[in-house]
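Have the sequence and the model open as you read.

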Amino acid sequence: MAKPGLSAAVMLLLLGSLSSVNADTLLSAPLNVTIREIEVNSAVVTWEILEGDPVIGFAITQQKKDVRMLRFIQEVNTTTRSCALWDLDEDTEYIVHVQSISMGGSSPPSEPVLFRTPKESEKLASKSPDEVTMEEVGQAAQLRAGELIIIVVVLIMWAGVIALFCRQYDIIKDNEPNNNKDKAKNSSECSTPEHPQGGLLRSNV
């Protein structure tokens, strides 16, 4: 029969070991959860974790305000501290929670973060005239390249036309002395013929 004092000591050791295991595997909720780059149909959520937490992934719950349906995003084997939220509705409020994932389980959810997507018209109105996106820069560069190609082609065509005109002009100029000689010859042949004996022909009256 086991002694009561020994059994109590064994139970205390077991409880202590279990509590230490739970303390090692317990994760803290992500900190400083922030929503950035809010667009009409997308946004980016970022967060931080406590140093030393054995985090191997994250889980995000995304929910429209006053709507029960949730979107759950989970990724493991990653050290990233950000995630893109896509396919959002414009002019809609969303609530986001972030959890850290370790080999032992998940952390408590972070504090909820509320944000609202803008309207398409509001986004266009808030865009500064001097603000140029990389996509617009690429389109402008393509347009400029196309214009340059058209200008070069037109210049080459004009150069060809001018060269052809100069060539035709040289040919005409070279043939002009020959034409003058032919004209002189034709005019001499059309003059009054002389009598074979040196006198002019006379008609008998």
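Setting aside the neighbours within four places in sequence, Asp-91 is in contact with Arg-116, Thr-117, Pro-118 and Lys-119, where contact means heavy atoms within 4.5 Å. Take Lys-119: Asp-91 and Lys-119 sit 28 residues apart in sequence, yet their C-alpha atoms are 5.0 Å apart in space. You'll find Asp-91 in the loop between β5 (82–85) and β6 (93–102). Is Asp-91 partly exposed or buried? Asp-91 is partly exposed, at a relative accessible area of 30%; buried means under 20% relative accessible area, exposed over 50%, and partly exposed in between, with a 1.4 Å probe and protein chains only.

A word on ground rules: this is a predicted model, so local features need pLDDT of at least 70 and side-chain atom pairs count only at pLDDT 80 or more, while totals for chains, interfaces and linings use all residues. Residues are numbered from 1 along each chain as its sequence is written, and side-chain values use heavy atoms, with hydrogens and water left out.

## The chain as a whole

The protein chain has three helices and eight strands, which from the N terminus run α-β-β-β-β-β-β-β-β-α-α. Helices (H or I, at least four residues) and strands (E, at least two) are DSSP runs, numbered from the N terminus.

Of the 205 residues in the protein chain, 18% count as buried. Among contacts in the protein chain with a separation of 6 or more, residues 24 or more positions apart account for 59%.

## β2 and its two partners

Strand β2 (residues 43–48) is mostly covered, with five of its six residues buried. On one side of the pairing list is strand β1 (residues 31–36), which pairs with β2 in the antiparallel sense over four bridges; two strands pair if DSSP finds at least two bridges between them. Arg-36 has Val-44 in β2 as its bridge partner. The hairpin of β1 and β2 has six residues between the strands, and there Glu-37 takes a positive phi near 50 degrees.

β2 is also joined to β5 by four bridges, and the two run antiparallel. Val-44 turns up again here, standing opposite Ala-84 in β5.

How many of the ten residues of β6 are buried? Seven of them are, which leaves β6 mostly covered. Eight bridges join β3 to β6, and these strands run antiparallel; Phe-58 has Ser-100 in β6 as its bridge partner.

β6 also runs antiparallel to strand β8 (residues 113–116), with four bridges joining them, and Ile-95 has Leu-114 in β8 as its bridge partner. Strand β7 (residues 105–106) is antiparallel to β6 too, joined by two bridges. A hairpin through two residues links β6 to β7, and Ser-102 is bridged to Gly-105 in β7.

## Positive phi in two loops

Asn-77 lies in the loop between β4 and β5. Its phi is near 55 degrees, a positive value in a residue other than glycine, and at 72% relative accessibility Asn-77 counts as exposed.

Asp-87, in the loop between β5 and β6, is not a glycine either, yet has a positive phi of about 55 degrees. Asp-87 is exposed, with a relative accessible area of 56%.

## The second largest pocket

Asp-87 shows up again in the lining of the second largest pocket, along with residues including Gln-62, Lys-64, Met-69, Arg-71, Leu-88 and Tyr-94. The elements that give two or more residues to this lining are β3 (57–64) and β4 (70–76), and β3 gives the most, with three residues. A pocket is an open set of points on a 1 Å grid over the protein atoms alone, where a 1.4 Å probe fits, with protein on both sides within 12 Å along at least five of seven lines; lining residues have an atom within 4 Å of a point.

About 150 Å³ of space lies in the second largest pocket, the volume being the space filled by probe spheres set on the points, which are joined across faces, edges and corners. Its lining divides into five nonpolar, two polar and four charged residues. Here Ala, Val, Leu, Ile, Met, Phe, Trp, Tyr, Cys and Pro count as nonpolar, Asp, Glu, Lys and Arg as charged, and the others, Gly among them, as polar.
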